Amino acid sequence: MTLPRFLVANARQAGTVAVFLVLCLVLSVLTPHFLTTSNLLNVAQQTVINAVIAVGLTYVILSGGIDLSVGSVLALAGVVLALALQAGWPVPLAIGACLVVGAACGTVNGLLVAFGRLPPFIATLGLMSVARGGALLVTDGRPVSGFDASFRWLATGEVLGIPVPVWCMLAVYGVAHFVLKRTKFGRYVVAIGGNEEASLLSGVPVAACKVGIYALGGGLAAAASVLLTARLNSAQPIAGLSYELDAIAATVIGGTSLMGGQGSVFGTLVGALIMGVLRNGLNLLGVSSYVQQVVIGAVIIAAVLLDTVFKGSKR
Amino acid sequence: MRGIAKRYPGVVALDGVDLEVRRGEVHVLLGENGAGKSTLMKVLAGAVRRDAGEVRIDGEAVALGDPRAAQRAGVSIIYQEFNLVPHLSVADNLYLGREPRGAWPGLIDQKTMVRDASRQLAALGVSIDPQARVADLGVAEQQMVEVAKALSIDARILVMDEPTSALTEQEIERLFTVIRSLRARGVAVIYISHRMEELFQIGDRVTVMRDGRHVGTRVLADCTMDELVRLMVGRALTEQFPARTARQGEEALRVEGLCRRGVLHDISFSLRRGEVVGLAGLMGSGRTELARAIFGADPIDAGRIWLRGRAVTIRSPRQAIREGLGFLTEDRKRQGLVLCRDIEENTSLAHLDRFTRAGVLSPRRAAETAGRLTTELRVKTPGLGQRVVNLSGGNQQKVVLAKWLCREADVLIFDEPTRGIDVGAKAEIYQLIQRLAGEGRAILMISSELPEILGLSDRILVMHRGHLAGEFRGGEVTPEQLLHCALGSPPAP
C-alpha cells in the first residue's frame with residue numbers, strides 16, 4: 001500500500017498523529033525547554049500510567065462498554081502490592097498478586113455486565129466505590145511507603161537509555177495491538193461493539209468475551225499501579241482519583257468511538273501522548289493548573305466534535 | 001392520494017398508487033407483506049416523504065412534509081407498536097406535546113388536562129381512569145388510549161395498522177363498536193389487517209395492493225374472500241427461477257414437538273439433504289421465532305432436534321454453528337452484519353477458527369477466503385477493506401451469505417433472503433440457493449414472497465399463529481391455497 005492510500009484508509013489516525021505533531025511543533029517554538037531529551041523522557045514517564053490504563057479502556061470501549069472503576073482498582077491493587085512487598089514477598093510474587101486483584105475486580109465487572117445484565121456504567125460505578133472502600137479498609141486510610149531498590153528499579157531503571165516504565169508501556173501497547181488485530185478475541189471485541197446481536201448470532205461467545213474484556217481492563221489498571229507505586233515509592237489508598245476520566249479521554253481523543261466497534265490501540269497511545277504533551281507544555285509555559293483543566297476539557301470536546309462532524313459529512 | 005411513488009435504493013416501494021377514502025367510511029387496505037401498505041400510510045402520516053404524486057384532503061392539496069404537518073391536516077395514525085410513554089398517566093399521554101398551559105409558562109394545567117382526557121375517553125364509551133399509568137393498563141385499554149389520542153387532535157382521517165393483533169374477541173368487539181361510532185361521526189378510517197373474517201365485519205370498501213401497486217378497489221359487501229385472495233396473489237410467476245436439479249439424500253434436520261410458550265406450538269418437521277423447504281406464513285405467524293429457536297437464539301420449552309440423525313441439544317448460536325447450522329437473519333443490518341467493520345471481518349466472523357493457528361489469526365488467509373467468496377457471489381465493492389455500511393442492500397446480503405458459505409454448514413436457514421434487494425441480486429440469490437441444495441445442503445427458506453416460495457421449494461410448510469398449519473409439495477399447490485392456509489381460513493369448496 002502506498003503512503004497516500006494508507007493515509008486515506010487511516011484518516012482518523014493520521015489526523016490524531018498530525019494534531020500531536022503540530023502540538024509538539026507549537027510547543028517547541030513557544031518554549032525552548034520542550035524539545036529536550038530530558039523533557040521528552042519526562043513526558044513519556046508521565047504519560048505511562050494513563051497510557052497503560054487507557055489500553056484497557058480502549059478494549060472496554062471498543063466492545064461498547066465503559067469502565068469507571070479503573071482508578072479505584074488501581075488504588076486497591078496498589079495497596080495490595082505494597083502490603084505484600086512489606087510483608088517480605090518476593091517482587092514477582094507481589095506483582096502477581098497485584099495483577100490478580102486487578103483482574104478479579106475486572107472479572108466482577110464483567111460478570112455483572114454479561115450475566116447480571118447491568119449497564120456497564122452502573123456495574124463499574126458500583127465497583128468504583130467498593131474498590132476504593134476496600135483500599136481504604138486494608139490500609140486504614142494510610143499510605144504504605146518505602147520499598148526495596150530492586151522493586152523501585154521498575155521506575156528508576158533505564159535500559160538502552162530509555163526508562164523502564166516506557167519500555168513497559170511499549171510492551172503493553174505492542175501486545176494489545178497484536179491481540180486486537182491478530183487473535184479471535186480481538187476480532188470478537190470489535191464485533192461485539194459493532195453489533196452485539198449479529199455477533200451472538202454468528203456464534204461469538206459474547207458473555208465470555210465481556211468477562212475477559214473487563215478482566216483485562218482491571219488487570220491493566222493493576223499493572224499501572226505497579227509502575228505508579230514504584231515511582232512514588234508509596235501506595236496510596238486515595239491514588240488514581242479520576243484516572244478513569246483521563247483514560248477515557250485518551251481513548252476518545254485517539255479516535256475510538258464511544259459507541260463501540262471502531263478504534264485502535266495505536267490511536268489511544270497518541271491520545272495519551274497528546275494529553276501528556278499538553279499538560280507538560282502548559283506547565284512549561286507557566287499556565288495555572290486551573291486553566292489546564294479548562295484547556296484539556298476543551299480538547300476532549302473538540303476531538304469528539306470533529307469526529308461527529310467528519311462522520312456527518314460522509315452520510 | 002394519487003400516483004404516490006416512493007423508491008428506495010434498489011427497490012420501488014410504491015409505484016404510482018391511488019387511494020380514495022370517503023368520509024364516514026371504513027376503508028380496508030389489504031395486501032401481502034411488503035405490498036407497500038405501510039409505506040403508503042407512512043406517506044400519509046408524513047413519516048416518509050413521497051417522490052411523486054399528490055395527496056388531497058377534503059379537496060385541498062396537502063404537502064405532508066413531516067408528521068406535525070400531517071397532524072395539522074387531520075391525519076392520525078395508530079401504529080402496530082403503540083407510541084405511548086408507559087410511565088406517564090393516560091392524560092399525560094393524550095396531551096403529550098400539547099399540554100394545556102398552567103398559571104406560568106412551563107407549568108401544566110393538570111385539572112383541565114384530566115377533565116379533557118376523561119371527556120375524550122367518555123366520548124369513546126370506555127371507562128379508563130385518566131390518571132392511571134399507561135403501563136398498568138391492558139393492551140386493549142392502551143389501544144383505546146391511542147384511539148382517544150388520535151381523536152383528541154381532531155383527526156378526520158384515522159389510520160389503524162393491525163389494531164386487533166393483540167386483542168381478545170371481546171375487546172375486538174368493543175373496538176369495532178368504537179370504530180362504527182367514529183364512522184357515524186364522519187371520520188374516515190383506514191384499516192389495515194390480515195384477518196380476513198374481520199374485514200367483512202367492519203369494512204365498507206377494500207383496496208388491494210400488490211408489489212407497490214394498486215390492483216383494485218371493491219365494495220366488501222359485493223365480493224368474496226376468494227376474490228380478494230386472488231387479487232392479493234394475482235401475478236403470474238414471471239420471475240425466473242432456476243430449475244431444480246438437487247437430488248435429495250438422507251435426513252439432515254428433524255424437529256419434533258418444538259414449543260415455546262405463547263409463540264410456537266408443537267412444531268414437527270424434517271429436512272433432507274439437497275432439499276429446499278419453503279416456510280410460508282404471515283408476519284407474526286412464528287416463522288422467524290421457529291428459526292431462532294432451532295438456532296439456539298431463543299430458549300425452547302419443549303421439543304427435540306436431530307441433526308444428521310443424532311439428537312442434539314442446542315443452547316446457543318455458537319453451539320448451533322458448531323453442529324453445522326447456519327442462519328441468515330431477516331434483518332441484515334440489525335442481526336446479520338457488523339456495519340462499521342469491513343467485508344473480510346464480517347465474512348470471517350462466524351468461523352475464525354479456520355484462520356487461526358496457535359491462537360494467531362492470519363488476516364491474509366481470512367482475506368483470501370473472503371476474496372474468493374465475494375468474487376464467487378459477485379459482490380460489487382472496491383475492496384475487501386470496504387466497510388459493509390457503504391454497500392448496497394443486495395451486496396450486503398451477499399456478504400451475509402458469504403459468512404455462512406465460509407463454513408461448511410449442512411443445514412442453512414434463510415430468513416427473507418431477498419428482502420429489500422433488487423431483481424438482479426434476487427435472481428443470483430435464487431441460483432445460489434439451488435446450487436447449495438445441489439451440493440447436498442438442506443435449506444429452510446422463510447419468505448413472505450409467495451412466488452419465491454413456490455418457485456424454489458421442493459416442499460412448503462405453512463405457519464399460522466405459531467402452529468404448522470399445512471404442508472404441501474412444491475409444484476402441486478396454488479398461491480391461493482397457500483394464502484388460505486396462512487390466513488387460517490378454509491379454502492373455498
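**Interfaces between and within the chains**

Chain A and chain B bury about 2200 Å² between them, with carbon and sulfur atoms giving 55% of that area. The model is predicted. The contact draws on 24 residues of chain A and 32 residues of chain B. Three salt bridges cross the interface of chain A and chain B. In one salt bridge, B:Arg292 pairs with A:Glu197, and the closest N and O atoms lie 3.3 Å apart. Twelve residue pairs are in polar contact between chain A and chain B, both residues being at pLDDT 80 or more.

On the side of chain A that touches chain B, at least two residues each come from α8 (164-182), α9 (184-194) and α10 (196-201) of chain A.

Within chain B, two domains are assigned: domain 1 (2-233) and domain 2 (251-487). Their centres, taken over C-alpha atoms, are separated by 35 Å. Twelve residues of domain 1 of chain B and 15 residues of domain 2 of chain B take part in the contact. About 1200 Å² is buried between the two domains of chain B, and carbon and sulfur atoms give 63% of it. The count of salt bridges between these domains is zero.

Helix α8 (residues 225-233) of chain B gives the most to the side of domain 1 that touches domain 2, namely five residues. That side of domain 1 of chain B comprises five nonpolar, three polar and four charged residues.

Definitions and conventions. Residues are numbered from 1 along each chain as its sequence is written. Chains are lettered from A and ligands numbered from 1 in the order in which they are written. This is a predicted model: local features need pLDDT of at least 70, side-chain atom pairs count only at pLDDT 80 or more; totals for chains, interfaces and linings use all residues. Side-chain values use heavy atoms; hydrogens and water are left out. Domain bounds come from an automatic or database domain assignment. Contact means heavy atoms within 4.5 Å. Buried area is the accessible area (1.4 Å probe) that two parts lose on being put together, summed over both. A salt bridge is a side-chain nitrogen of Lys or Arg within 4 Å of a carboxyl oxygen of Asp or Glu. Helices (H or I, at least four residues) and strands (E, at least two) are DSSP runs, numbered from the N terminus. Ala, Val, Leu, Ile, Met, Phe, Trp, Tyr, Cys and Pro count as nonpolar, Asp, Glu, Lys and Arg as charged, and the others, Gly among them, as polar. A polar contact is a pair of N or O atoms within 3.5 Å; within protein, one must be able to donate a hydrogen and the other to accept it, and residues adjacent in sequence count only if both atoms are side-chain atoms.
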